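Please keep the sequence and the model in view while reading.

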Amino acid sequence: MILTLTGENNFDLRQALRRLVDDFCQEHGDLALERIDCEEAGIERIRESITSLPFLAAKKLVVLSKPSTNKQFTEQAEQILDDTPETTDVIIVEPKPDKRTAYYKFLKKNTDFKEFPELDSNGLAKWLAETAKARQGSIKPADARYLVERVGVNQLLLSNELEKLLLYSPDISRQSIDLLTEPAPQSTIFELLDAAFAGNTKKAAALYAEQRALKVEPAQIIAMLAWQLHVLAIIKASGDEPAEQVARSAKLNPFVVRKSQGIARRLSLAELRKLVGDLLQIDIAMKRTNIDADEALQHYLLAIAR
(Lines give C-alpha, C1' and ligand atoms only; values in the text may rest on other atoms or scores of the structure.)
Protein backbone atom coordinates (compact mmCIF):
# COMPACT_ATOMS: atom_id res chain seq x y z
CA MET A 1 0.00 0.00 0.00
CA ILE A 2 1.23 3.45 -0.92
CA LEU A 3 -1.04 6.14 0.49
CA THR A 4 -0.88 9.92 0.06
CA LEU A 5 -2.47 12.21 2.66
CA THR A 6 -2.79 15.81 1.52
CA GLY A 7 -4.83 18.96 2.05
CA GLU A 8 -4.91 22.12 4.17
CA ASN A 9 -7.16 20.61 6.85
CA ASN A 10 -4.28 19.75 9.15
CA PHE A 11 -6.61 18.50 11.90
CA ASP A 12 -8.39 15.85 9.80
CA LEU A 13 -5.15 14.88 8.08
CA ARG A 14 -3.33 14.31 11.39
CA GLN A 15 -6.30 12.42 12.82
CA ALA A 16 -6.35 10.09 9.80
CA LEU A 17 -2.58 9.56 10.01
CA ARG A 18 -2.78 8.76 13.71
CA ARG A 19 -5.52 6.17 13.14
CA LEU A 20 -3.57 4.49 10.34
CA VAL A 21 -0.35 4.36 12.37
CA ASP A 22 -2.12 3.12 15.51
CA ASP A 23 -3.89 0.35 13.58
CA PHE A 24 -0.66 -0.75 11.92
CA CYS A 25 1.36 -0.75 15.13
CA GLN A 26 -1.34 -2.65 16.98
CA GLU A 27 -1.00 -5.45 14.42
CA HIS A 28 2.73 -5.39 13.70
CA GLY A 29 4.34 -3.64 16.69
CA ASP A 30 6.03 -0.25 17.19
CA LEU A 31 9.38 -1.53 15.85
CA ALA A 32 7.78 -1.97 12.42
CA LEU A 33 7.24 1.80 12.10
CA GLU A 34 9.73 4.25 10.54
CA ARG A 35 9.07 7.99 10.44
CA ILE A 36 11.23 10.10 8.14
CA ASP A 37 11.38 13.91 8.08
CA CYS A 38 12.24 14.45 4.42
CA GLU A 39 13.41 18.02 5.07
CA GLU A 40 16.28 16.52 7.09
CA ALA A 41 16.88 13.07 5.56
CA GLY A 42 18.97 12.49 2.45
CA ILE A 43 17.72 10.65 -0.61
CA GLU A 44 19.67 7.48 0.20
CA ARG A 45 18.16 7.31 3.66
CA ILE A 46 14.66 7.63 2.18
CA ARG A 47 15.38 5.06 -0.53
CA GLU A 48 16.85 2.55 1.92
CA SER A 49 13.87 2.84 4.28
CA ILE A 50 11.36 2.25 1.50
CA THR A 51 13.11 -0.54 -0.38
CA SER A 52 14.64 -2.55 2.48
CA LEU A 53 12.86 -5.55 4.01
CA PRO A 54 11.31 -5.34 7.49
CA PHE A 55 13.35 -6.51 10.49
CA LEU A 56 11.76 -8.83 13.05
CA ALA A 57 8.27 -8.17 11.63
CA ALA A 58 6.13 -9.46 8.78
CA LYS A 59 5.56 -5.90 7.48
CA LYS A 60 6.79 -2.38 8.08
CA LEU A 61 5.30 1.07 7.65
CA VAL A 62 7.31 4.04 6.40
CA VAL A 63 5.80 7.50 6.98
CA LEU A 64 7.37 10.21 4.82
CA SER A 65 6.77 13.77 6.07
CA LYS A 66 6.79 16.46 3.35
CA PRO A 67 8.94 14.61 0.79
CA SER A 68 8.25 17.39 -1.74
CA THR A 69 10.84 19.46 0.19
CA ASN A 70 13.47 16.99 -1.03
CA LYS A 71 14.12 17.80 -4.70
CA GLN A 72 15.93 14.55 -5.36
CA PHE A 73 13.03 12.52 -4.05
CA THR A 74 10.47 14.33 -6.22
CA GLU A 75 12.65 13.64 -9.26
CA GLN A 76 13.08 9.95 -8.38
CA ALA A 77 9.75 9.25 -6.66
CA GLU A 78 8.33 7.08 -9.43
CA GLN A 79 11.38 4.82 -9.53
CA ILE A 80 11.77 4.58 -5.73
CA LEU A 81 8.10 3.85 -5.08
CA ASP A 82 8.01 1.28 -7.89
CA ASP A 83 10.74 -0.61 -6.01
CA THR A 84 8.67 -0.78 -2.80
CA PRO A 85 8.46 -4.46 -1.69
CA GLU A 86 5.10 -6.01 -0.84
CA THR A 87 6.20 -6.20 2.79
CA THR A 88 6.32 -2.39 3.09
CA ASP A 89 3.49 0.14 3.35
CA VAL A 90 4.27 3.79 2.65
CA ILE A 91 2.31 6.85 3.80
CA ILE A 92 3.28 10.12 2.11
CA VAL A 93 2.21 13.22 4.06
CA GLU A 94 2.04 16.29 1.83
CA PRO A 95 -0.13 19.04 3.41
CA LYS A 96 0.44 21.65 0.67
CA PRO A 97 1.99 20.13 -2.46
CA ASP A 98 2.45 22.12 -5.64
CA LYS A 99 -0.42 20.84 -7.80
CA ARG A 100 1.31 21.99 -10.98
CA THR A 101 4.19 19.53 -10.66
CA ALA A 102 4.63 16.14 -12.30
CA TYR A 103 5.33 14.75 -8.81
CA TYR A 104 1.87 15.75 -7.58
CA LYS A 105 0.19 14.33 -10.69
CA PHE A 106 2.11 11.07 -10.24
CA LEU A 107 0.99 10.74 -6.62
CA LYS A 108 -2.64 11.47 -7.50
CA LYS A 109 -2.68 8.89 -10.29
CA ASN A 110 -0.54 6.12 -8.81
CA THR A 111 -1.15 6.14 -5.04
CA ASP A 112 -4.18 5.80 -2.79
CA PHE A 113 -4.78 9.55 -2.71
CA LYS A 114 -6.78 11.09 0.15
CA GLU A 115 -7.33 14.86 0.27
CA PHE A 116 -8.49 16.76 3.36
CA PRO A 117 -9.81 20.22 2.39
CA GLU A 118 -10.57 22.92 4.94
CA LEU A 119 -14.16 22.85 6.13
CA ASP A 120 -16.45 25.86 5.85
CA SER A 121 -18.93 26.77 8.60
CA ASN A 122 -21.55 24.29 7.35
CA GLY A 123 -18.96 21.55 7.05
CA LEU A 124 -17.67 22.25 10.56
CA ALA A 125 -21.22 22.21 11.98
CA LYS A 126 -21.89 18.86 10.31
CA TRP A 127 -18.57 17.52 11.59
CA LEU A 128 -19.41 18.67 15.13
CA ALA A 129 -22.75 16.84 15.01
CA GLU A 130 -21.16 13.65 13.67
CA THR A 131 -18.32 13.79 16.20
CA ALA A 132 -20.71 14.40 19.10
CA LYS A 133 -22.76 11.38 18.00
CA ALA A 134 -19.62 9.21 17.73
CA ARG A 135 -18.75 10.25 21.31
CA GLN A 136 -22.21 9.20 22.56
CA GLY A 137 -23.58 12.74 22.65
CA SER A 138 -25.65 15.09 20.53
CA ILE A 139 -25.79 18.68 19.33
CA LYS A 140 -28.51 20.25 17.16
CA PRO A 141 -27.41 21.65 13.75
CA ALA A 142 -28.34 25.21 14.76
CA ASP A 143 -26.36 24.92 18.00
CA ALA A 144 -23.40 23.43 16.13
CA ARG A 145 -23.38 26.46 13.81
CA TYR A 146 -23.65 28.74 16.85
CA LEU A 147 -20.62 27.04 18.41
CA VAL A 148 -18.61 27.62 15.21
CA GLU A 149 -19.62 31.29 15.11
CA ARG A 150 -18.78 31.75 18.78
CA VAL A 151 -15.47 29.86 18.97
CA GLY A 152 -14.16 30.23 15.42
CA VAL A 153 -13.13 27.86 12.65
CA ASN A 154 -10.05 26.31 14.28
CA GLN A 155 -10.96 22.62 14.19
CA LEU A 156 -8.59 21.59 16.97
CA LEU A 157 -10.07 24.25 19.27
CA LEU A 158 -13.58 23.14 18.31
CA SER A 159 -12.68 19.54 19.10
CA ASN A 160 -11.40 20.52 22.54
CA GLU A 161 -14.47 22.64 23.24
CA LEU A 162 -16.75 19.82 22.11
CA GLU A 163 -15.01 17.39 24.48
CA LYS A 164 -15.49 19.85 27.36
CA LEU A 165 -19.17 20.34 26.53
CA LEU A 166 -19.79 16.59 26.31
CA LEU A 167 -18.20 16.05 29.71
CA TYR A 168 -20.62 18.62 31.14
CA SER A 169 -23.64 17.07 29.42
CA PRO A 170 -23.99 14.57 26.53
CA ASP A 171 -26.80 16.72 25.12
CA ILE A 172 -25.15 20.01 24.17
CA SER A 173 -27.38 23.11 24.25
CA ARG A 174 -26.86 26.77 23.48
CA GLN A 175 -27.03 27.44 27.23
CA SER A 176 -24.12 25.10 27.94
CA ILE A 177 -22.16 26.62 25.05
CA ASP A 178 -22.60 30.11 26.53
CA LEU A 179 -21.70 28.82 29.98
CA LEU A 180 -18.55 26.88 29.11
CA THR A 181 -16.98 28.60 26.10
CA GLU A 182 -15.47 32.01 25.47
CA PRO A 183 -16.17 33.91 22.24
CA ALA A 184 -13.14 33.95 19.98
CA PRO A 185 -11.69 37.48 19.70
CA GLN A 186 -11.54 37.29 15.89
CA SER A 187 -15.20 36.32 15.68
CA THR A 188 -16.18 39.12 18.06
CA ILE A 189 -14.17 41.68 16.08
CA PHE A 190 -16.29 40.79 13.05
CA GLU A 191 -19.43 41.22 15.14
CA LEU A 192 -18.03 44.51 16.41
CA LEU A 193 -17.54 45.85 12.89
CA ASP A 194 -20.86 44.43 11.74
CA ALA A 195 -22.67 46.23 14.58
CA ALA A 196 -20.86 49.48 13.79
CA PHE A 197 -21.69 49.31 10.08
CA ALA A 198 -25.32 48.54 10.97
CA GLY A 199 -25.43 51.74 13.03
CA ASN A 200 -25.96 49.82 16.27
CA THR A 201 -23.83 51.98 18.54
CA LYS A 202 -25.07 50.31 21.74
CA LYS A 203 -24.07 46.83 20.58
CA ALA A 204 -20.74 48.06 19.19
CA ALA A 205 -19.88 49.69 22.53
CA ALA A 206 -20.89 46.53 24.43
CA LEU A 207 -18.79 44.31 22.18
CA TYR A 208 -15.78 46.60 22.58
CA ALA A 209 -16.20 46.48 26.37
CA GLU A 210 -16.44 42.69 26.15
CA GLN A 211 -13.14 42.54 24.25
CA ARG A 212 -11.41 44.62 26.90
CA ALA A 213 -12.97 42.49 29.67
CA LEU A 214 -11.41 39.46 27.93
CA LYS A 215 -8.08 41.30 28.36
CA VAL A 216 -7.68 41.91 24.62
CA GLU A 217 -5.38 44.93 24.45
CA PRO A 218 -6.03 47.91 22.11
CA ALA A 219 -3.01 46.96 19.99
CA GLN A 220 -4.51 43.48 19.47
CA ILE A 221 -7.89 45.00 18.58
CA ILE A 222 -6.17 47.24 16.00
CA ALA A 223 -4.39 44.20 14.53
CA MET A 224 -7.65 42.27 14.25
CA LEU A 225 -9.48 45.25 12.80
CA ALA A 226 -6.68 45.64 10.27
CA TRP A 227 -6.99 41.96 9.33
CA GLN A 228 -10.75 42.33 8.89
CA LEU A 229 -10.28 45.43 6.72
CA HIS A 230 -7.73 43.47 4.69
CA VAL A 231 -10.36 40.78 4.07
CA LEU A 232 -12.90 43.44 3.07
CA ALA A 233 -10.41 44.96 0.62
CA ILE A 234 -9.83 41.56 -0.99
CA ILE A 235 -13.58 41.00 -1.37
CA LYS A 236 -14.12 44.47 -2.87
CA ALA A 237 -11.26 43.95 -5.32
CA SER A 238 -12.70 40.55 -6.34
CA GLY A 239 -15.93 42.04 -7.63
CA ASP A 240 -18.67 39.44 -8.13
CA GLU A 241 -16.47 36.37 -7.75
CA PRO A 242 -18.03 33.58 -5.62
CA ALA A 243 -16.85 33.33 -2.01
CA GLU A 244 -15.13 30.00 -2.65
CA GLN A 245 -13.08 31.46 -5.52
CA VAL A 246 -12.12 34.53 -3.47
CA ALA A 247 -11.10 32.31 -0.56
CA ARG A 248 -9.04 30.02 -2.78
CA SER A 249 -7.23 32.87 -4.52
CA ALA A 250 -6.50 34.79 -1.29
CA LYS A 251 -5.83 31.66 0.83
CA LEU A 252 -8.66 32.58 3.22
CA ASN A 253 -11.25 30.36 4.85
CA PRO A 254 -14.51 30.43 2.81
CA PHE A 255 -16.43 30.90 6.07
CA VAL A 256 -14.55 34.15 6.74
CA VAL A 257 -15.19 35.43 3.21
CA ARG A 258 -18.90 34.66 3.29
CA LYS A 259 -19.35 36.35 6.68
CA SER A 260 -17.57 39.49 5.43
CA GLN A 261 -19.38 39.84 2.10
CA GLY A 262 -22.36 41.59 3.70
CA ILE A 263 -20.16 44.34 5.13
CA ALA A 264 -18.20 44.63 1.87
CA ARG A 265 -21.39 45.25 -0.09
CA ARG A 266 -22.24 48.21 2.16
CA LEU A 267 -18.86 49.89 1.62
CA SER A 268 -17.43 51.87 -1.26
CA LEU A 269 -13.71 51.63 -2.01
CA ALA A 270 -13.29 55.28 -0.94
CA GLU A 271 -14.92 54.54 2.42
CA LEU A 272 -12.76 51.47 2.88
CA ARG A 273 -9.59 53.48 2.13
CA LYS A 274 -10.64 56.07 4.73
CA LEU A 275 -11.24 53.37 7.33
CA VAL A 276 -7.77 51.93 6.72
CA GLY A 277 -6.18 55.40 6.87
CA ASP A 278 -7.98 56.37 10.07
CA LEU A 279 -7.01 53.10 11.77
CA LEU A 280 -3.40 53.62 10.68
CA GLN A 281 -3.38 57.09 12.25
CA ILE A 282 -4.63 55.64 15.57
CA ASP A 283 -1.91 52.99 15.45
CA ILE A 284 0.81 55.59 14.75
CA ALA A 285 -0.50 57.91 17.50
CA MET A 286 -0.51 55.03 20.02
CA LYS A 287 3.16 54.34 19.29
CA ARG A 288 4.34 57.96 19.26
CA THR A 289 2.14 59.77 21.80
CA ASN A 290 0.26 59.11 25.01
CA ILE A 291 -3.26 59.09 23.54
CA ASP A 292 -6.07 57.22 25.27
CA ALA A 293 -6.21 54.15 22.99
CA ASP A 294 -9.61 53.01 24.24
CA GLU A 295 -11.14 56.42 23.62
CA ALA A 296 -9.61 56.63 20.14
CA LEU A 297 -10.84 53.18 19.12
CA GLN A 298 -14.33 53.71 20.49
CA HIS A 299 -14.53 57.04 18.66
CA TYR A 300 -13.39 55.23 15.47
CA LEU A 301 -16.18 52.65 15.83
CA LEU A 302 -18.83 55.24 16.69
CA ALA A 303 -17.80 57.27 13.62
CA ILE A 304 -18.45 54.17 11.48
CA ALA A 305 -21.86 53.71 13.12
CA ARG A 306 -22.85 57.30 12.34
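Within helix α11, the buried residues (under 20% relative accessible area, with over 50% called exposed and values in between partly exposed, for a 1.4 Å probe and protein chains only) are Pro218, Ile221, Ile222, Met224, Leu225, Gln228, Leu229, Val231, Leu232, Ile234 and Ile235. The model is a predicted one, in which local features need pLDDT of at least 70 and side-chain atom pairs count only at pLDDT 80 or more, while totals for chains, interfaces and linings use all residues. Residues are numbered from 1 along each chain as its sequence is written, and side-chain values use heavy atoms, with hydrogens and water left out.

Helices (H or I, at least four residues) and strands (E, at least two) are DSSP runs, numbered from the N terminus. Just after α11, Gly239 adopts a positive phi of about 65°.

Two helix pairs share α7. Axes here are lines fitted to C-alpha atoms, for helices over the stretch in contact, and angles run from 0 to 180 degrees between N-to-C directions. Helix α6 (residues 141-151) packs against helix α7 (residues 155-168) at an angle of about 125°, the axes being 11 Å apart. The two are therefore oblique to each other, given that angles under 35 degrees count as roughly parallel, over 145 as roughly antiparallel, 65 to 115 as roughly perpendicular and the rest as oblique. Leu147, Val148 and Val151 of α6 meet Leu157, Leu158, Glu161 and Leu165 of α7, contact being defined as heavy atoms within 4.5 Å. These residues divide into 6 nonpolar, no polar and 1 charged, where Ala, Val, Leu, Ile, Met, Phe, Trp, Tyr, Cys and Pro count as nonpolar, Asp, Glu, Lys and Arg as charged, and the others, Gly among them, as polar.

Helix α5 (residues 121-134) also meets α7: the axes come within 11 Å and cross at roughly 40°. This pair is therefore oblique, and the crossing is right-handed. On the α5 side the contact is made by Leu124, Trp127, Leu128, Thr131 and Ala132, and on the α7 side by Gln155, Leu158, Ser159, Leu162 and Leu166. By class, the contact has 7 nonpolar, 3 polar and no charged residues.

The loop between β5 (112-115) and α5 holds Leu119, which is partly exposed at 22% relative accessibility. Beyond its neighbours within four places in sequence, Leu119 is in contact with Asn9, Asp12, Leu124, Trp127, Gln155 and Asn253.

Lys60 belongs to strand β3 (residues 60-65) and is buried, with a relative accessible area of 4%. Not counting residues up to four places away in sequence, Lys60 touches several residues, among them Glu34, Glu48 and Asp89.

Finally, the backbone deserves attention. Most residues other than glycine have a negative phi. Lys66, however, has a positive phi near 50°; Lys66 sits in the loop between β3 and α3 (71-82) and is partly exposed at 35% relative accessibility. Gln136, likewise not a glycine, has a positive phi of about 65°. Gln136 lies in the loop between α5 and β6 (138-139) and, at 68% relative accessibility, counts as exposed.

Definitions and conventions: A crossing is left-handed if the near helix is turned anticlockwise from the far one by less than a right angle, and right-handed if clockwise.
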